[in-house]
Amino acid sequence: MSRRVPSRFFAALALASGLAALCGCGGSSSTATAPGAAPDSGGVPLDGASAGPPERGDCVRLVDTADPQSLNFIRATDRFSSQIAGLVTDTLVQYDAKGEVIGRVAESWSVSDDGLTWTFRIRPGVRWQDGAPVTSRDAAYTLERILDPRSRAVSRIGYFTGVVSVETPDDATFRVHYREPSVTALASWTDAPLIPRHLWEKQADFLDNPLCRAPVGCGPFRFVSWDAGRQIVLEANDGYWDGRPALDRIVFRIIPQDTTRLQALELGEVDALSLTPDQVATRADRPEFTRRFRRLTYPLPYVYYIGWNMDRSNPFFSDRRVRQAMTLALDRPGLLRDAWHGLGIAAASYITRESWAYNPALRPIPYDPAGAAALLDAAGWTDSDGDGVREKGGVPFAFTLLYAATGKMNDDTAAYFQENLRKVGVRMDLSRTEFRTMLDLVGSHRFAAFMSGLTLDADPDAFDMFHSSQARDGNNRVSYSNPEMDRLSEQGRREFDPARRRAVYARIQEILAEDQPWTFVSHPLMNVAIDRRIRGVTVSPLGLQQFWPGIAGWWVPRAEQRFPAGAAPGA
Amino acid sequence: MTRRILRRLAVSAVTLAGITVLTFLLFHLAPGDPLAPLEGGSRGAVSTDALARMRAEAGFDRPLWQQYGLWLSRLARGDLGRSLVDGEPVRGKIAARLPATLVLAGAATLLAWGLALPLAIRSALRPGGALDRGGSLFFYAIYSVPVFWTALVLQMVFAVYLRWLPLHGVLSDEAAAMAPAGRLADGALHLVLPAACLAYGQLAFLMRFARANLLEARGREFFAAALARGLTERQAMLRHALPNALLPLITIAGFTVPALAAGSVIVERIFSWPGVGRLLVDSIGSRDRPTLMGLTLLGALLTQAGMLAADILYAAADPRLRRLGEERP
């Protein structure tokens with residue numbers, strides 16, 4: 001499951017926001033390679049061969065572009081805040097490096113035969129960083145806060161609206177009743193960072209509470225300080241139930257400007273950075289750079305796409321042949337090669353290749369302008385007056401593509417596609433707007449086509465994106481409607497048998513390839529530079545973090561440690 | 001004099017009220033819902049019901065004039081409301097960022113004036129001389145160079161190659177362990193590049209303005225009279241021309257506040273300076289209306305205060321105005 005707050009995700013990607021990329025998402029380790037090293041297998045530390053037992057000590061300095069919204073982990077919707085939450089506190093269950101759900105604070109769990117009741121057993125001996133034990137009532141309190149509208153937990157509430165009630169018969173038992181069986185109920189709990197009830201309830205106000213700036217959790221690191229606009233400091237939690245992490249400290253520096261971030265990396269002020277395509281192309285291949293930094297390249301669980309509005313407000317895209325023609329006419333392989341410096345994988349589906357649900361029979365649709373022209377002719381769009389633009393019944397094929405002004409990559413992509421379509425006699429004007437303005441326009445269906453990106457859950461659930469009922473308020477902004485898709489996307493949510501479930505999503509992907517409600521453009525690749533002294537770095541299907549152990553598994557051999565105990569930044 | 005100030009204060013109050021109404025309307029009519037979740041994953045979509053409840057809870061479902069009234073009545077009690085992003089009081093958020101911006105703006109102002117005035121005086125003593133011509137050319141040239149470019153070049157030269165100055169930030173990691181004097185020096189070093197970037201645009205403008213005023217004063221009768229009394233050009237310039245030329249500069253000083261604020265938005269970003277300029281940019285991105293209103297109010301207040309202070313200083317410095325004010329019933 002992903003943090004659905006890609007927040008300024010694509011913006012971040014385009015600007016190569018510091019750790020915004022390093023945190024949350026990532027892709028399969030099977031394609032993650034360190035230059036000069038063979039590709040690693042799933043979930044294995046990238047430096048596996050050289051790794052001895054982790055050695056304690058040292059401080060790692062990471063970077064992000066802006067302050068986290070809040071360290072009230074329930075309220076915050078941004079990636080940075082989720083990242084801190086993953087270190088300072090724990091969840092009942094979490095993904096491991098292979099993307100499978102494992103127990104953390106919950107040592108075991110079970111589901112009733114009707115699939116409606118989940119029972120979690122809280123691990124004994126887990127303590128809050130103030131010493132109090134973690135109990136089932138803390139889990140219940142966490143859920144209660146997520147569901148309370150006053151908490152404004154917009155990025156989490158959607159995962160738990162199916163909950164009817166909870167029970168805490170004793171300190172170790174946490175029971176949750178759902179309205180209907182859901183395959184994804186368990187994974188939702190990876191996104192509920194536990195908060196200590198006994199501390200939060202000291203103050204009536206959940207949003208204006210000292211804990212929002214100085215959180216207390218039960219995770220591997222404890223919060224030390226947050227210097228607004230400057231840095232956040234965490235230190236190892238000696239009392240962590242699963243053993244103290246190897247690093248003494250983690251400092252998150254806040255550096256808004258991408259040029260400054262790269263220089264800070266090269267000056268040795270930060271230890272890891274996600275690079276922009278331009279930075280990769282111009283600076284990161286020099287030997288003096290690769291000598292100091294290991295480079296990681298891995299796909300993101302993210303799809304970049306164009307949505308074609310089918311609500312009949314335009315005369316073009318309700319016709320499936322036209323949508324197919326659009327995809328054939330857009331030179332996606334050329335775009336990735338020329339404008340993205342190769343930092344993207346051609347997409348055949350919304351699901352990435354690394355997912356169990358990916359349909360291996362699918363191939364990305366090729367670039368085929370002649371095929372596009374034939375389809376447009378067949379659909380009745382011909383250039384009868386010879387002005388270079390096709391028309392039908394006197395209406396020229398001219399529309400506007402809406403996209404967010406979040407960075408150079410968006411601009412380059414839009415311009416590239418505009419030229420592609422001109423070649424097949426279609427005029428596409430570009431409307432570049434500020435990000436939230438675009439969301440507004442897309443949400444109210446005031447567009448013909450829009451280009452955007454979507455952070456994907458680890459689960460392939462397609463209901464919100466492609467079910468016809470989700471056209472008004474869900475993510476089916478293009479008003480796509482196909483009865484078979486509706487039936488399958490409902491079935492996929494209820495099918496507990498893995499083989500049958502895989503078959504459902506294989507068919508869903510076939511239908512999408514045929515119908516092309518979206519043109520799947522690409523799954524972007526992350527490019528991260530990380531100081532070579534750091535070991536234990538693992539790339540999971542969700543990236544470098546948001547799985548166990550993530551950063552908590554990083555360490556530095558004693559001989560290479562840069563900060564002796566007590567001399568670390570922020571000490 | 002008092003009357004004059006009171007009248008000026010009344011005008012300021014009306015202007016401020018107008019500014020708040022306008023910005024309130026602007027931020028509320030601008031597209032983009034601050035509570036809308038950003039587009040995301042498949043199961044995370046918030047139900048419309050849940051969003052509607054959140055909006056009602058935040059008071060967004062009320063008519064605009066009621067929302068403004070609420071904001072105003074809170075303001076009267078010194079309460080700027082709560083941020084929509086983190087729920088914290090806006091006043092605290094701004095207060096945490098303001099000192100960094102004030103220090104930076106103060107340093108930039110000192111730098112700009114400290115360089116502009118002596119240079120203007122020297123240029124005015126030898127109009128058309130080497131310094132005057134060369135200085136004019138140089139300052140016009142840098143005046144037209146965008147700040148972000150200058151900042152990058154300065155960072156490359158002084159922080160990356162020479163390593164004389166820190167790249168960004170307000171303090172070194174080591175500062176925590178330093179004695180107070182060491183910390184102060186460390187902070188001052190961090191201030192050099194951002195303050196220079198914020199100052200240089202003003203520097204050109206101030207220098208030219210001061211020079212023009214000095215030259216004008218130099219052509220007046222009192223200057224000739226001073227020379228006739230046996231003063232040197234230099235003495236006459238400092239004792240007679242300068243005080244006269246300073247008057248219009250006082251007014252200009254009041255108007256530099258908005259320019260400093262605008263410049264700090266860019267400079268704070270490039271140099272990771274934790275001030276209000278960055279808070280402003282972040283708040284626009286998240287449509288955090290209460291914080292935006294607070295920042296607008298602050299900007300308007302500072303501008304008004306700057307202009308008011310200039311007016312008062314002007315009146316205090318100009319004996320003619322002072323006398324006029326007293327004579328009036």
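Guide: A residue is buried if 20 or more other C-beta atoms lie within 10 Å of its own, exposed if 12 or fewer, and partly exposed in between, with C-beta atoms placed from the backbone. The model is predicted: local features need pLDDT of at least 70, side-chain atom pairs count only at pLDDT 80 or more, and totals for chains, interfaces and linings use all residues. Residues are numbered from 1 along each chain as its sequence is written, and chains are lettered from A and ligands numbered from 1 in the order in which they are written.

Visitor: Which residues of α17(A) are buried?

Guide: Helices (H or I, at least four residues) are DSSP runs, numbered from the N terminus. In α17(A), the buried residues are A:R501, A:V504, A:Y505, A:I508, A:Q509 and A:L512. They fall within an arc of 135° seen down the helix axis, so they line one face; the arc is that of the directions from the axis to the C-beta atoms. The face turned away from the buried side carries the exposed residues A:A499, A:R500 and A:E514.

Visitor: What do the buried residues of α17(A) pack against?

Guide: Two residues are in contact if their C-beta atoms, placed from the backbone, lie within 7 Å. The buried residues of α17(A) pack against α16 (483-494) of chain A. Just after α17(A), A:Q516 takes a positive phi of about 50°.

Visitor: What domains does the assignment give for chain B?

Guide: Domain bounds come from an automatic or database domain assignment. For chain B it gives domain 1 (2-76) and domain 2 (92-327). Their contact takes 15 residues from domain 1 of chain B and 16 residues from domain 2 of chain B.

Key:
Helix = DSSP H or I, 4+ residues; strand = E, 2+ residues; numbered from the N terminus.
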